[in-house]
Amino acid sequence: MTRHNDATKRPGNGAWILCTLTILVLVPAAGGAQDAAELFEQSCAPCHGPRGAGLEPGHPRIATFDPPPALLTDPLFNSREPAADWFLVTKHGGPALGLSSQMPAFGGAFTDDEIKALVSHMKTLAETSAYPPGDLNFPRPVETIKAFPEDEFLILNRYTSEEGKDDVLQTTLYYAWRIGTRSQIELKAVHVDDGTEADFEDVELGFKHTFYYDLDRLLLFGGGLEVEVPIQGGDEDEVWIPYLSLAKGVGSFTFQGTLKSHLPASDFGAGDAVVSAVLHYQPSPWPRGVIPGLEGKVTVPFESEADVAASLIPQLLVGLSKLGHVRWGLGVEIPVTGIDYDYRIRTFLLWDYADGPFWASW
């Protein structure tokens with residue numbers, strides 16, 4: 001699989017001819033009895049190299065690729081890519097997902113079962129046991145914190161409308177990057193416009209880690225800590241936000257839940273506990289699609305005289321690029337009990353920058 005996000009690149013003639021001959025000549029000769037490893041060596045190794053490790057330095061075909069085909073032996077790359085995406089690009093070719101046109105389509109040569117077996121084999125070409133698999137990287141919710149570590153940049157907006165008060169727009173710039181095999185560091189900057197003043201009010205630093213995963217059960221468990229630091233001075237306090245997150249897949253549905261607390265540094269007793277959960281339905285395996293979801297949130301203040309607050313957030317996640325590395329989310333937070341505002345509109349624009357430039361694969 002040629003992992004590349006600029007579909008405008010034109011392949012070298014030698015590479016294109018080689019891929020075409022592979023499909024027309026070698027693949028039909030393979031027959032149904034061959035196992036996935038043999039199919040890979042015949043059909044994929046001419047570009048990806050033996051066992052997916054790339055072509056030898058100085059190989060005459062290297063210059064015909066722009067860019068070079070993906071190294072399937074890279075554990076981070078191999079693990080973070082969902083098998084469903086690899087199935088699509090193997091069957092339909094690179095351009096179908098906005099990737100390199102040098103990645104041919106094998107759908108006319110292999111059956112779906114053969115492609116699934118081939119993808120399963122490719123997933124064994126790197127030692128990925130320490131990395132959570134991309135198959136467990138479920139759709140991003142509006143409120144619930146994901147358990148999966150990622151490299152991504154987001155712009156999140158929250159518009160609050162309350163009768164008798166000025167509307168408030170909160171904008172958060174969010175940057176996250178993976179470290180090690182299953183951890184993430186994140187940085188947030190929060191800007192608030194209340195109709196009278198507009199300024200950055202606080203920054204947040206965070207760390208996330210995946211504790212456990214089970215691919216067969218489509219189960220992921222993680223946790224982390226965020227620290228909210230006010231930057232405007234005054235009486236505002238630092239807030240510690242520890243959390244635990246769970247993710248579970250069932251067919252076309254994914255469930256994610258978070259338990260977190262907001263703990264003011266000077267008085268933990270003035271904090272709260274927040275439980276949120278979301279159910280998404282993914283009707284199509286294609287990244288460029290619409291994923292509906294329903295999320296609920298309950299906030300329980302530690303102070304006994306304060307009201308418990310609950311809300312529902314129906315939402316949509318829209319894949320904008322063919323690769324799905326740019327997505328837009330929209331949710332409407334509807335009060336159920338213990339909330340003064342009338343409604344909140346929540347949006348975010350997500351860019352998974354590890355998959356390539358923002359403008360690629362559209």
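Visitor: Which backbone nitrogen does the side chain of Ser100 reach?
Guide: That of Gln102, at 3.1 Å. This is a predicted model, where local features need pLDDT of at least 70, side-chain atom pairs count only at pLDDT 80 or more, and totals for chains, interfaces and linings use all residues. Residues are numbered from 1 along each chain as its sequence is written, and side-chain values use heavy atoms, with hydrogens and water left out.

Visitor: OK, and where is Ser100?
Guide: In the loop between H5 and H6. Helices here are DSSP runs of H or I with at least four residues, strands are E runs of at least two, and both are numbered from the N terminus.

Visitor: Is Ser100 buried or exposed?
Guide: Buried, because its relative accessible area is 1%. Buried means under 20%, exposed over 50%, and partly exposed in between, using a 1.4 Å probe and protein chains only.

Visitor: How far is Phe65 from Ser100 in space?
Guide: They are 9.6 Å apart, C-alpha to C-alpha, and 35 residues apart in sequence. Phe65 sits in the loop between helix H3 (45-48) and helix H4 (75-80), and at 7% relative accessibility Phe65 is buried.

Visitor: Back to H5 and H6: how do their axes cross?
Guide: The axes of H5 (residues 83-92) and H6 (residues 112-122) come within 9 Å and cross at roughly 125°. Axes are lines fitted to C-alpha atoms, for helices over the stretch in contact, with angles from 0 to 180 degrees between N-to-C directions.

Visitor: What do you call that arrangement?
Guide: H5 and H6 are oblique to each other. Under 35 degrees would be roughly parallel, over 145 roughly antiparallel, 65 to 115 roughly perpendicular, and the rest is oblique.

Visitor: Which residues in H5 meet H6?
Guide: Ala83, Trp86, Phe87, Thr90 and Lys91 in H5 meet Asp112, Ile115, Lys116, Leu118, Val119 and Met122 in H6. Contact means heavy atoms within 4.5 Å.

Visitor: Switching topic, where is Thr337?
Guide: In strand E11, residues 326-337. Thr337 is partly exposed, at 41% relative accessibility.

Visitor: What is Thr337 in contact with?
Guide: Val308, Ala309 and Ala310, leaving aside neighbours within four places in sequence.

Key: Polar contact = N/O pair within 3.5 Å; in protein donor to acceptor, adjacent residues only side chain to side chain.
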